[in-house]
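We will go from stop to stop, and each one tells you what to pick next.

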Amino acid sequence: MDKKTYLKHWAELYKADLTENILPFWLRHGLDRKNGGIFTSVDRDGTLMDSNKSMWFQGRFAFVCSFAYNHIERNPQWLEAARTTLDFIERYGTDTDGHMYFEVTAEGVPVRKRRYVFSESFAAIAMSEYAIASGDKSYGEKALELFKRILKMTSTPGFLEPKFLEGFKGKGHSLTMILINTASRIRAAIGNDPVLADQIDRSIAEISRDFMHPEYKALLETVGPDGEFIDSMAGRLINPGHCIETAWFLLEEARYRNWDKTLTETALTILDWSWEWGWDKEYGGIINFRDCKGFPCQDYSQDMKFWWPQTEAIIATLYAYLATRDDKYLKMHRAISEYTYGHFPDIQYGEWYGYLHRDGTVAQPAKGNMFKGPFHIPRMMIKSHLLCHEILDTLP
């Protein structure tokens, strides 16, 4: 493999796919030009299936548009889409108690809330990235205040409905890992702040101490309050894509810290473990769920191939190669990229399928819903385009 040729190929492909396929698809079919914001429930050809809006996707889309503007090209259409989506978030996104909605109507009327704070975290990274894109520092300040609100909501007993009642005591990996990325994106907009630095350090420590279980060579999704192994279906669950996403969040933080050795090794260990659990040796691609003791998983989609674990693996393998120059990570990148581009893109109507059966056949062809939309795929393309060029810049 000629590394320069290989990396140039993928860098160009990611950028072209982003600018000629993914973003045009969503700007054409998803952007609500009347009320602001983005629709995500669209069929294969972009036909609107449901006009309700996922509030966390409002933040995700505004982030992607701003991120692309900052790193790919200064396209005014992208910046305006980010601005109008942020306007929609600020106008309709938050209940009187300070907790954001999960779903609203096209016009912004509340439909439902959930016990999570992911709508808040994605709104915060959107505000941060838009602050950089627009030069309006007030959005960075809003992002920091929103982050502080997240921390208050999650630390106030009873404010958020618990996932489990008294019969189960545990904590999840999701919030711990997402706060690293949220804090780091805000830091990029406003500079370091003690609240951000403290949370990143606490999340890293919690992942290493509590969620990593070397006896299974696995990062577990749910553990006891102090990291105890819970021998149940929930406690044994491995989500390889989620773990791989955590790995590249940690690699990004390690790079910020001049490639801190301990943090880099932690991230690479998580990536190696999770690839071993997740890579389907028969069909290729990253599988949804595994049980650390080898039992069947409870979730009906356990052996499916969703779009987003593949995109996280593309980013993570490039980051790992940048960190180590170990050719095995470039081989992993090739395997996941070729699998992903061989199965997910819809050549006829554009964009990507989201849900495949284990053998790679399409399970359903819609391009979006309340959970799939313009985030993981375009974020991967932007991030991977940049990583390819960062690696190229260091090659002899």
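Which backbone nitrogen does the side chain of Asn-369 reach at 2.7 Å? Select Asn-369 and look toward Lys-372: the side chain comes to 2.7 Å from the backbone nitrogen of that residue. The backbone nitrogen of Phe-371 is also reached by the Asn-369 side chain, at 2.7 Å. Such a polar contact is a pair of N or O atoms within 3.5 Å; within protein, one must be able to donate a hydrogen and the other to accept it, and residues adjacent in sequence count only if both atoms are side-chain atoms.

Before moving on, note that this is a predicted model: local features need pLDDT of at least 70, side-chain atom pairs count only at pLDDT 80 or more, and totals for chains, interfaces and linings use all residues. Residues are numbered from 1 along each chain as its sequence is written, and side-chain values use heavy atoms, with hydrogens and water left out.

**Around Asn-369.** This residue sits in the loop between strand E14 (362-364) and helix H12 (376-394); helices (H or I, at least four residues) and strands (E, at least two) are DSSP runs, numbered from the N terminus. Asn-369 counts as buried because its relative accessibility is 19%, where buried means under 20% relative accessible area (1.4 Å probe, protein chains only). Leaving out residues up to four places away in sequence, show Thr-40, Ser-41, Tyr-355 and Gln-364, which Asn-369 touches; contact means heavy atoms within 4.5 Å.

**Next, Trp-56.** Find this residue in helix H2 (residues 55-71). The Trp-56 side chain reaches the backbone oxygen of Met-370 at 3.0 Å. Not counting residues up to four places away in sequence, Trp-56 touches several residues, among them Phe-102, Phe-118 and Phe-371.

**Then the charged pairs.** Select Lys-171 and Asp-210, whose side chains meet in a salt bridge at 2.6 Å, N to O. The term means a side-chain nitrogen of Lys or Arg within 4 Å of a carboxyl oxygen of Asp or Glu. Lys-171 lies in strand E6 (residues 171-172) and Asp-210 in helix H7 (residues 194-211), so the pair ties together parts 39 residues apart in sequence.

Now pick Lys-383 and Glu-252, another salt bridge, with the closest N and O atoms 2.6 Å apart. Lys-383 is in helix H12 and Glu-252 in helix H8 (residues 240-256), so this pair ties together parts 131 residues apart in sequence. Both Lys-383 and Glu-252 are buried.

**Last stop.** Show Arg-379 and Glu-312, where a salt bridge spans 3.1 Å, N to O. Both residues are buried.

Note on methods
Buried means under 20% relative accessible area, exposed over 50%, partly exposed in between (1.4 Å probe, protein chains only).
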